Amino acid sequence: MAKFRIAVRKFSPFESTLQKLWDAFCLKNNIQIDVEMVPMELHDLYEKTITKKGLKKGKWDIAHLNTDWIFDAANEKAVLDLTSFISQNPPQNYPDGWHKSLLHLQQINNGTYGLPFHDGPECLIFRKDLFENPTEKENFKKQFGYELFPPKTWEQFTQIATFFNRPESNLYGCVFANYPDGHNMVFDFCLQLWTRGGSLLDNNNQININHNQAAEALDYYRTIVSNTDAVHPGSKNFGSVEAGMAFAEGQAAMAINWFGFASMCEVIEESKVKGKVDITELPFNADCKTASLNVYWLYTIGTGSKNQQLAYDFLRFATTAESDKLLTTEGGIGCRKSTWNDAEINKTIPYYHKLEMLHENALTLPQTPIWPKVTEFIDQMVLKAIETEIPSKILLEITQHNIEKLTK
């Protein structure tokens with residue numbers, strides 16, 4: 001039998017979990033088959049599985065795909081509809097074991113194109129040891145005239161980031177992920193937009209970002225990320241993983257990132273902030289409400305796989321409550337409610353149960369075949385905003401024009 005191949009999102013907790021799960025699965029079922037797991041960065045992963053039709057051609061049996069891509073993958077007939085497998089032999093406690101917000105994005109045209117693997121919506125991650133320090137509290141109140149708490153508004157976010165920015169101690173007010181990979185800056189822009197009451201869609205359900213809330217969002221974002229008195233200087237080159245690591249190494253007071261990077265602080269060896277971290281909702285503008293973004297990772301099976309039954313059996317094994325908990329203790333984020341409420345997990349990661357709260361406010365990105373292309377345009381727009389003086393309104397007009405050309 002040829003090698004069984006898995007395309008993995010490059011992130012050490014994913015890689016170690018998958019290896020342990022595969023070994024346990026083979027042992028339990030007395031299977032002897034060579035496996036090749038190839039860890040890849042986002043761009044490569046999309047390219048090799050979908051663009052170059054790796055899943056369709058049978059080069060990959062299983063792939064980690066995120067929900068930004070699943071609509072595309074299903075339309076391209078790259079990933080298998082698991083409906084018949086699930087009805088014959090459902091995963092443990094399916095679907096009730098998961099929050100509804102982790103089950104709907106892979107439901108496309110009455111098919112189910114993946115099982116939840118890793119999750120953790122965007123949130124505000126902060127150093128509670130700094131926020132609770134009496135000296136810091138006193139100094140902050142003297143300087144700004146209000147109590148030091150995690151910021152409720154974006155104006156407070158800027159003030160607090162400036163207050164904690166201490167380059168001489170290798171501590172910065174906040175850290176962003178500004179590497180243009182079509183993800184982080186797009187997500188940051190969406191969060192800025194939503195927390196100002198804006199939307200990506202107009203009344204006709206078409207993508208439209210040429211409006212006032214989008215201009216406010218882009219104005220604020222380009223100002224904050226370029227603020228050298230508030231932001232980690234590495235932000236420009238950081239993806240979300242690198243930004244998460246900088247926070248775990250104690251280099252920032254706040255971060256807006258995936259929940260997984262908060263929990264990572266409690267479990268990875270490199271962390272210098274164990275027990276010093278907490279999470280909360282994102283700041284928002286007056287008369288608006290907080291928002292989170294839910295993009296999650298799925299286990300998918302390639303339509304070209306010659307080992308579809310074996311692949312599905314492994315997916316069932318990899319999504320049990322026990323496997324989900326293992327992913328969490330390795331530094332990923334389990335997707336099952338049982339993991340979120342697990343006493344042992346919450347002892348290690350005291351804010352783990354807050355995942356439910358984040359999911360209640362979590363919005364999702366538009367499911368449309370043009371979305372991957374739209375993200376490239378938004379990514380380039382935010383990058384231009386950071387690197388040039390071109391007014392936000394003009395950048396939004398140009399981007400909107402490019403988006404509209406996609407649908408003609």
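What follows is a chat about strands, helices and a surface patch in a predicted model.

Biologist: Which strands make up the open sheet, and in what order?
Modeller: In this predicted model, the open sheet is formed by 4 strands in the order E8-E9-E7-E10, with mixed pairing. Strand E8 (172–175) and strand E10 (277–280) are the edge strands, each pairing on one side only. On average, neighbouring strands of this sheet are turned by 20 degrees against each other, direction ignored.

Biologist: And what packs on that sheet?
Modeller: Helix H10, residues 240–248, packs on the sheet and touches strand E7 (122–127) as well as E8, E9 and E10, while its direction makes about 150 degrees with that of E9.

Biologist: How many bridges join E8 to E9?
Modeller: There are 3 bridges between E8 and strand E9 (residues 252–258), and the two run parallel. Within E9, Ala-255 is the bridge partner of Val-175.

Biologist: Switching to E12, why is that strand described as largely enclosed?
Modeller: Strand E12 covers residues 297–301, and because 5 of its 5 residues are buried, it is largely enclosed by the rest of the structure.

Biologist: Which residues sit on each side of E12?
Modeller: Trp-297, Tyr-299 and Ile-301 lie on one side, with Leu-298 and Thr-300 on the other, and all of them are buried, which leaves both faces covered. As a general point, side chains in a regular strand alternate between the two faces of the sheet.

Biologist: What does E12 pair with?
Modeller: Strand E3 (residues 62–66) pairs with E12 in the antiparallel sense over 5 bridges, and His-64 stands opposite Tyr-299 there. Strand E6 (residues 115–118) also pairs with E12 in the antiparallel sense, over 3 bridges, with Pro-116 standing opposite Leu-298.

Biologist: OK, on to helices: how many residues of H8 are buried?
Modeller: Helix H8, residues 184–194, is mostly covered, with 11 of its 11 residues buried. Among those buried residues are Asn-184, Asp-188 and Gln-192, along with Phe-187, Leu-191 and Trp-194.

Biologist: Now the surface, which residues make the nonpolar patch?
Modeller: Ile-390, Ile-394 and Ile-398 make a nonpolar surface patch of about 230 Å². Of these, Ile-398 has its place in helix H18, which spans residues 392–406.

Biologist: Why does Ile-398 count as partly exposed?
Modeller: Its relative accessible area is 46%, and partly exposed is the class between the buried limit of under 20% and the exposed limit of over 50%, so Ile-398 falls into it.

Notes
Residues numbered from 1 in each chain as written. Predicted model: local features only at pLDDT ≥ 70, side-chain atom pairs only at ≥ 80, totals over all residues. Heavy atoms only, no water. Buried < 20%, exposed > 50% of the residue type's maximum accessible area, 1.4 Å probe, protein only. Pairing = 2+ DSSP bridges. Axes fitted to C-alpha atoms, helices over the stretch in contact; angles between N-to-C directions. Contact = heavy atoms within 4.5 Å. Patch = residues over 30% accessible without salt bridge, like charges linked within 9 Å, V, L, I, M, F, W, Y side chains within 5 Å. Areas by Shrake-Rupley, 256 points an atom, 1.4 Å probe, with all protein chains shown as cover. Salt bridge = Lys/Arg side-chain N within 4 Å of Asp/Glu carboxyl O.
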